[in-house]
Amino acid sequence: MAFDNIRSFGSGGTRTSMPEEKLSDHALIEATRSGDETAFAEIMGRYRGPITNYLYRFLNDYEEAVDLAQETFVRVYFALDRYHTQFAFSTYIYRIATNLAISEIRRRKRRRLMSLTGLFQNEDDTQVEFQPPDTRPLADRALVDSERSQMIGRAIAALPEKYRLPVILRDVEGKSYDEIAEIMELGLGTTKSRISRGRGLLKEKLQHYL
Amino acid sequence: MGNLDPHILEEIDLDTADEPVVRLLNTLERVEPPNDFDMRVRARIAAGRPADRQVSWLPPSLRYAVPLVLLLLVGGYFAISNYYSSKNVDVPPVAESRPPIVTLPDDKTAITVPEAPSPETLAVKQPDQSNKDLGPPSRKTGSSFDSSDDRPKSGSALGLKVDVPIRPRGLEGNTTVLTNSNGIVRSTSISARDLFDILGIKGTFDMTGWKVDAVGANTTAERSGVKTGDVIEAVNDQRLTAKTSFGSNFNGKSLRIRRDGRTIKIDLVH
């Protein structure tokens, strides 16, 4: 299935466009518009993993990543009428997920600023910095718990937002440069330079593991 | 590799350059969503349209900051206006009365006046308090400073009766004496310098008193025996300073003068 190509990735090998995949996604979208719930379930089946993984690598918070991934699909569902086929559906859904992630990052910054001033409390009067432990078992948690993965994850999370996103899309999600440029609504040259710069920063942080 | 699109070749070159980092990132294991992911999404869809995380068009910080800034601006405005209004309380009201005008015996009398007379030199003639008719003062001829004048001294400015008005420099002889519409002249205090001007003395204040620099001819000072070089220490036994002033009803009777190291008292001959 075309979806398998999203899961697997090599060491930066060739990536070509997959018309069947796009056609299939579009056909599923059309079916969902017609009221076919199973079509939307298929959409979720194809993209829930990549979107969750993408958001997790960006936010470095599993709970928040799952929440935003669900929000992504909800927004896709309610925006079906506005979806145009000029873009690949994967570009469309990744763009929604990216925007949600960026909004979450900025919301975190505002909460951090308010807590530093000590003037305002969070709106629901809870401690804004508290991260409840994740007690639910992850499917691959044993692997994720390795120290190197954690360090890499932290290094990625420490990247500036504008470098973190394209690096994750390229080196974690295996997206092409063109698709990354479309998702981030940037020029191709800018996208490449940001990926290069992000990798350079990671190289500095992960010297020990290289 | 040679059959590949150049565009893709470029991508490969970029990845090759960063191969160590790319290889490291490729070792990351993927996380999977929880098993109830789909159910939760359906539940959210069933609940309605997604609510924006930012409910208000204003970010949360501005929702608190804007009212706070407005409060500070309003409070600051009132505080500053109260501060400046309280400062103005200490400012004394502007005196409305004018200094008395005293007329001299005749136009031919040479009066030595200071080069820069103060506006208070424009004295207003005092009304005759014994006379109920407070009309404009009349111009009298002949000698003045006549002690036999039956005008009560208490009602006249400095107890003097003079005919020629003292005018500020530049005004002509037929200048109208300043009075109000009812002809009632208004009284005020005069400074020591103005008093000496009226007496015909040009003086400057030093540390001990008013030093006489010049005495006008045919003036009260000359008739009373004041001489150039005298230091006037007191008037009517009132010690003089640079800022001494006298009331409008002041009646000058005597001067205490220091001359050649001796202190003498001179009675004013009006």
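Among the elements of chain A, helix α1 (residues 2–7) has the lowest mean pLDDT, 36, while helix α4 of chain A has the highest, 94. Here pLDDT is the predictor's confidence in each residue, from 0 to 100, and helices are DSSP runs of H or I with at least four residues, numbered from the N terminus. The mean for chain A is 78, and 73% of its residues reach 70 or more. Over residues 1–23 of chain A the pLDDT is below 50, and this stretch has 34 contacts in the model beyond near neighbours in sequence; contact means heavy atoms within 4.5 Å. Residues 119–133 of chain A are also below 50, with 13 such contacts. Where pLDDT is low, the predicted coordinates should not be read in detail.

A quick word on ground rules: this is a predicted model, where local features need pLDDT of at least 70 and side-chain atom pairs count only at pLDDT 80 or more, while totals for chains, interfaces and linings use all residues. Residues are numbered from 1 along each chain as its sequence is written, chains are lettered from A and ligands numbered from 1 in the order in which they are written, and side-chain values use heavy atoms, leaving out hydrogens and water.

Now look at helix α3 (residues 37–59) and helix α4 (residues 62–78) of chain A, which pack at an angle of about 145 degrees with their axes 8 Å apart. The axes are lines fitted to C-alpha atoms, for helices over the stretch in contact, and angles run from 0 to 180 degrees between N-to-C directions.

A:Thr32 sits in helix α2 (residues 19–33) of chain A. At 7% relative accessibility, A:Thr32 counts as buried, that is, under 20% relative accessible area, with exposed being over 50% and partly exposed in between (1.4 Å probe, protein chains only). Leaving aside neighbours within four places in sequence, A:Thr32 touches A:Ala39, A:Phe40, A:Tyr77 and A:Leu80.

Over in chain B, helix α3 (residues 37–47) has B:Phe37, B:Asp38, B:Val41 and B:Ile45 buried. Seen down the axis of α3(B), these buried residues fall within an arc of 95 degrees, so they line one face of the helix; the arc is that of the directions from the helix axis to the C-beta atoms. What covers them includes α3 and α4 of chain A. The face turned away from the buried side carries the exposed residues B:Met39, B:Ala46 and B:Ala47. Just after α3(B), B:Gly48 takes a positive phi of about 125 degrees.

Note on methods
Helices (H or I, at least four residues) and strands (E, at least two) are DSSP runs, numbered from the N terminus.
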